[in-house]
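Trainee: I would like to learn how to read contacts, rings and bonds in a structure. Please take one case at a time.

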Amino acid sequence: QVQLVESGGGLVQAGGSLRLSCTASVRTFLTHGIGWFRQAPGKEREFVAAINYNGGSTQFADSVKGRFSISRDYGNTAYLEMDRVKPEDTAIYYCAADPSGESTTEIRRYTTWGQGTQVTVSS
């Protein structure tokens with residue numbers, strides 16, 4: 001079974017950049033779609049970005065379009081590049097794997113989740 005570990009979170013000033021990584025434990029990761037979600041205190045977990053199994057298809061939430069990008073390498077790591085961050089981007093960020101291999105916004109399609117990494121944007 002795929003296990004996921006996020007890293008790269010931390011404290012960043014508004015307008016700055018941060019890159020999150022999602023590393024999988026096994027190479028079957030290569031057949032999975034990867035999504036990034038976030039959850040702020042008192043709010044529901046929300047979709048941020050997704051990429052399909054071969055990197056050919058991506059999706060973004062409207063709130064991050066033009067600021068965030070998603071990518072994956074040919075090994076077992078996916079990335080979320082966060083640019084021009086805002087205080088409202090503050091949340092715990094989770095990566096998740098979809099065995100269908102697609103880039104989907106539907107949270108129920110993701111069957112494996114990481115433990116999350118905290119991102120805090122100061123104003």
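Mentor: Start with Tyr93. Contact means heavy atoms within 4.5 Å. Not counting residues up to four places away in sequence, Tyr93 touches Glu6, Leu20, Trp36, Phe37, Arg38, Val48, Phe68, Leu80, Met82, Gly116, Thr117 and Val119. This is a predicted model, in which local features need pLDDT of at least 70, side-chain atom pairs count only at pLDDT 80 or more, and totals for chains, interfaces and linings use all residues. Residues are numbered from 1 along each chain as its sequence is written, and side-chain values use heavy atoms, with hydrogens and water left out.

Trainee: Which residues touch the most other members of the largest nonpolar core?

Mentor: A nonpolar core is a set of buried Ala, Val, Leu, Ile, Met, Phe, Trp, Tyr and Cys residues joined through side-chain atoms within 4.5 Å. Buried means under 20% relative accessible area, exposed over 50%, and partly exposed in between, with a 1.4 Å probe and protein chains only. The largest core here has 33 residues, and Trp36, Leu80, Met82 and Tyr93 touch the most other members. At least two residues of this core come from each of strand 3 (18-24), strand 4 (33-39), strand 5 (46-51), strand 7 (68-72), strand 8 (77-82), strand 9 (91-98) and strand 11 (117-122). Strands (E, at least two residues) are DSSP runs, numbered from the N terminus.

Trainee: How many aromatic pairs does a search of the whole structure find?

Mentor: Rings of Phe, Tyr and Trp (its six-membered ring) pair if their centres lie within 6.5 Å; planes under 30 degrees apart count as stacked, over 60 as edge-to-face and the rest as tilted. The search finds five such pairs. For Tyr94 and Trp113, the centres are 6.5 Å apart and the planes are at 75°, so this pair is edge-to-face. Tyr94 in strand 9 and Trp113 in strand 10 (residues 112-113) are 19 residues apart, and the pair links distant parts of the chain. Tyr94 counts as buried at 11% relative accessibility, whereas Trp113 counts as partly exposed at 27%. Ring pairs also link Phe37, Phe47, Tyr94, Tyr110 and Trp113 into a cluster.

Trainee: Which charged end sits over the ring of Trp113?

Mentor: A charge sits over a ring if NZ of Lys or CZ of Arg is within 6 Å of the ring centre and within 35 degrees of the ring normal. The charged end of Arg45 sits over the ring of Trp113, 4.9 Å from its centre. Arg72 lies over the face of Phe29, with 4.7 Å to the ring centre.

Trainee: Which residues does the disulfide join?

Mentor: A disulfide is a pair of cysteine sulfur atoms within 2.5 Å. The count by this rule is one. Cys22 is joined to Cys95, with S to S at 2.1 Å. Cys22 lies in strand 3 and Cys95 in strand 9, so the pair ties together parts that are 73 residues apart in sequence. The torsion about their S-S bond is about 70°, so the disulfide is right-handed. Both Cys22 and Cys95 are buried.

Trainee: Which side chain does Asn52 join in a polar contact?

Mentor: A polar contact is a pair of N or O atoms within 3.5 Å; within protein, one must be able to donate a hydrogen and the other to accept it, and residues adjacent in sequence count only if both atoms are side-chain atoms. The side chains of Asn52 and Asn54 are joined by a polar contact of 2.9 Å. Asn52 is in the loop between strand 5 and strand 6 (58-60).

Note on methods: Helix = DSSP H or I, 4+ residues; strand = E, 2+ residues; numbered from the N terminus.
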